[in-house]
Amino acid sequence: METIEFEPGQEIIKEGEEAQYIYMLKSGKIKVQLGLYEFVISDNNPEVFGLEALVGEKYTETCTTVENSKLICCNSSEFMEIYGKTEVSKKALESFMRRTAKVLGWI
Amino acid sequence: MKIEGVVFKAGEVPKTLFKIVSGTVRETRNKTYHDLGHGDYVALLEYLLEEPIQENIVATEETEIIEVSLEDEYLNIIKRIIELRKVIFESSIDLEDIVLDDFNFEKVDIDKYLEQVESLLTLSAGDLPDDRDEALRVIESLDDDKIITKVNLVRSFIEKFPEEEEGARLLIETAAKVYIVLNDRYVAKSLLKKLLLHYSDIPKFCYEAIKTLEGIYRDEGNIIWRRYNKIAKILEVKLRGND
């Protein structure tokens, strides 16, 4: 597990690529593209992305930095060991579901 | 627990996560329903977001559900959400590069299907007059109880007068009647898709066909309606630009 700094415009994960890592935003701003929809997440409301890595699926969204950003990067076993059964993992699932529901027109 | 009928009432915030063992549960959000089956979670969205249910969630047949915990099901839930996201990709289109494949045409040959329907109903379409106006008069004089005959005459009209815009108008009108009178979504959709294939150069008719397709898919709760909704928006902008 490590903290990585990204410059604006850097692609962190890309839809369709094998998911290896889960990322947590510590500071900065990220644009998340899911299908034809875009969301912006910022450190005001820290979010997790890349949950696909936990189940061996490919990434289903593309995340790109909007400004200088710091992210914690961890693999699936690290994530489950440290954050499994905590509010972090619950919040991560909630935001994963929320983005999906918005694109589906459910909310 | 076995249940039939309402699982969660509208306005209720689900405090329990249920997984379906067998049976069918129907969720409705924003007037679009979808049915859940074995292995699905009931009201997963509202449970995770701690939000009220929009409309009653009901078991449409005798259904067995079990209470599960978020922690135990965590990875399975991620898999289910990814499955939902796959639906998004299947129903998304590249707005800059629409191709006919995006219309999700049925694999069955449309004309062959209509011929089968015709023979089943033992209705003969008969020959269409060679004169365009006379042919139109014959088609338009048919009552709603001869709707399948009308469908076949419209097909003949398009074959006989392929350059006539009236063919597009007839397809839209006949598709709407088939849908209303016979409640046959398949034939109605086939006619509208036939219009998209034959009259793809006439945006105003394509727009009407796509809007009707959107309505039909929405009525049947098929998420493909979103695809038609997007295409209709693009056409609407193009049509406005032509004014």
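Predicted model: local features only at pLDDT ≥ 70, side-chain atom pairs only at ≥ 80, totals over all residues.
Most residues other than glycine have a negative phi. Lys85(A) is exposed, with a relative accessible area of 68%.

Ala43(B) is found in the loop between β5 (41-42) and α1 (44-49) of chain B. Its phi is near 55°, again a positive value in a residue other than glycine. Here the surroundings are of another kind. Ala43(B) counts as buried, at 0% relative accessibility.

Lys29(A) is found in strand β4 (residues 29-34) of chain A. Lys29(A) is partly exposed, with a relative accessible area of 31%. In sequence, 37 residues separate Lys29(A) from Val66(A), yet their C-alpha atoms are 5.4 Å apart in space. Neighbours within four places in sequence can be set aside. Lys29(A) is then in contact with Val40(A), Ile41(A) and Ser42(A), and also with Thr64(A), Thr65(A), Val66(A), Glu67(A) and Ser69(A).

The overall make-up of chain B comes next. Chain B has nine helices and six strands. Of its 243 residues, 47% are buried. Contacts in chain B between residues at least 6 apart in sequence were also examined. Of these, 68% join residues at least 24 apart.

One helix of chain B shows how such burial is arranged. Helix α6(B) spans residues 166-182 and has 17 residues. From its first C-alpha to its last, helix α6(B) reaches 23 Å, close to the 24 Å expected at 1.5 Å a residue. The buried residues of α6(B) include Gly167(B), Ala168(B), Leu170(B), Leu171(B) and Ile172(B). Thr174(B), Ala175(B), Val178(B) and Tyr179(B) are buried too. Their cover includes four other helices of chain B: α4 (132-140), α5 (147-160), α7 (185-198) and α8 (203-219). Just after α6(B), Asn183(B) takes a positive phi of about 55°.

The two chains meet at an interface. In it, 28 residues of chain B are in contact with 31 residues of chain A. The size of an interface is often given as the accessible area lost when the parts come together. Between chain B and chain A, the buried area is about 2,900 Å². Carbon and sulfur atoms give 73% of that area.

Charged and polar pairs also cross the interface. Five salt bridges are found between chain B and chain A. In one salt bridge, Glu51(B) pairs with Arg98(A), the closest N and O atoms being 3.9 Å apart. Ten residue pairs are in polar contact across the interface. On the side of chain B that touches chain A, the elements giving two or more residues are α1, α2 (70-90) and α9 of chain B. The largest share of that side, 14 residues, comes from α2(B).

Arg226(B) is buried yet has no salt bridge. The nearest side chain of opposite charge, Glu214(B), is 9.9 Å away. A polar atom of the Arg226(B) side chain does, however, lie 2.8 Å from the backbone oxygen of Val103(A).

Notes: Residues numbered from 1 in each chain as written. Chains lettered and ligands numbered in written order. Heavy atoms only, no water. Buried < 20%, exposed > 50% of the residue type's maximum accessible area, 1.4 Å probe, protein only. Expected span 1.5 Å × (residues − 1). Contact = heavy atoms within 4.5 Å. Lys, Arg positive; Asp, Glu negative; His and termini not counted. Salt bridge = Lys/Arg side-chain N within 4 Å of Asp/Glu carboxyl O. Polar contact = N/O pair within 3.5 Å; in protein donor to acceptor, adjacent residues only side chain to side chain. Buried area = accessible area lost by both parts, 1.4 Å probe.
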